[in-house]
Amino acid sequence: MMQELINRVVQNVGLDPALAEKAVGMILAFLQKEAPEAAGEAFAAMPGAAELAAAHAASEGGGGLLGGLMGLMGGGGGVMALGRQLMGAGLGMGQIQSLSKEVFAYGRETAGEDAMGALVGAIPGLSQFV
């Protein structure tokens, strides 16, 4: 079922299949890390989501000295950290926005508005990107 989402990202965002899979996995891993309970409910309706998240959870980096300083100033985590990871993987801002919209549209179609709404509500700042 995740292949359907990856295919949508390839077609609608213009990423190659390997990068689409990695980017979707990074987003799912982020959701699982930031809101494990809400993500678990949403992922239950999306076969393969938890596995894809787990496969890409290790790709989160520490961010080095700058990442550490940003964290101390309150700007190093959450949605901004995910954005930096996606940019580090080679995505531009426009692609990241399109990718986010595809992932959350797919989530609403498969898991439902309530599950995805709870997930978005559980992560500060996420609502402005989806």
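A cavity is a set of grid points where a 1.4 Å probe fits but cannot get out, and a residue lines the cavity if one of its atoms lies within 4 Å of such a point. The legends below describe a predicted model.

**Figure 1. The largest cavity and its lining.** α2 (residues 17-34), α7 and α8 (residues 113-122) each supply at least two residues of the lining of this cavity. The space in the largest cavity is about 30 Å³, and a search of the whole structure finds one cavity of 30 Å³ or more. Its lining consists of L5, L28, L31, M46, V103, G107, M116 and L119. Sorted by class, seven of these residues are nonpolar, one is polar and none is charged. Such empty space shows up when a probe the size of a water molecule is rolled over the atoms.

**Figure 2. The second largest pocket, with a volume of about 240 Å³.** The pocket is lined by 16 residues, and V79, L82, G83, I96 and F129 are the closest to its centre. The largest share, seven residues, comes from α6. The lining of this pocket divides into twelve nonpolar residues, three polar and one charged.

**Figure 3. The buried and exposed residues of helix α3.** Within α3, which spans residues 36-44, the buried residues are A38, A39, A42 and F43. Seen down the axis of α3, these buried residues fall within an arc of 130 degrees, so they line one face of the helix. In general, an α-helix has 3.6 residues a turn, so residues three or four places apart point the same way. P36, E37, E41 and A44 are exposed, on the face of α3 turned away from its buried side. The packing partners of the buried residues of α3 are α2, α4 (residues 49-57) and α8.

**Figure 4. The protein chain, with eight helices and zero strands.** Along the sequence the pattern reads α-α-α-α-α-α-α-α. The protein chain has 130 residues, and 39% of them are buried. Of the contacts between residues at least 6 apart in sequence, 70% join residues at least 24 apart. The accessible surface of the protein chain comes to about 6,500 Å², and carbon and sulfur atoms account for 57% of that surface.

Terms used: Residues are numbered from 1 along each chain as its sequence is written. This is a predicted model: local features need pLDDT of at least 70, side-chain atom pairs count only at pLDDT 80 or more; totals for chains, interfaces and linings use all residues. Side-chain values use heavy atoms; hydrogens and water are left out. On a 1 Å grid over the protein atoms alone, a cavity is a set of points where a 1.4 Å probe fits but cannot get out, and a pocket is an open set with protein on both sides within 12 Å along at least five of seven lines; lining residues have an atom within 4 Å of a point. Grid points are joined across faces, edges and corners, and a volume is the space filled by probe spheres set on the points. Helices (H or I, at least four residues) and strands (E, at least two) are DSSP runs, numbered from the N terminus. Ala, Val, Leu, Ile, Met, Phe, Trp, Tyr, Cys and Pro count as nonpolar, Asp, Glu, Lys and Arg as charged, and the others, Gly among them, as polar. Buried means under 20% relative accessible area, exposed over 50%, partly exposed in between (1.4 Å probe, protein chains only). The arc is that of the directions from the helix axis to the C-beta atoms. Contact means heavy atoms within 4.5 Å. Accessible areas come from the Shrake-Rupley method with a 1.4 Å probe; for residues, only the protein chains shown count as cover.
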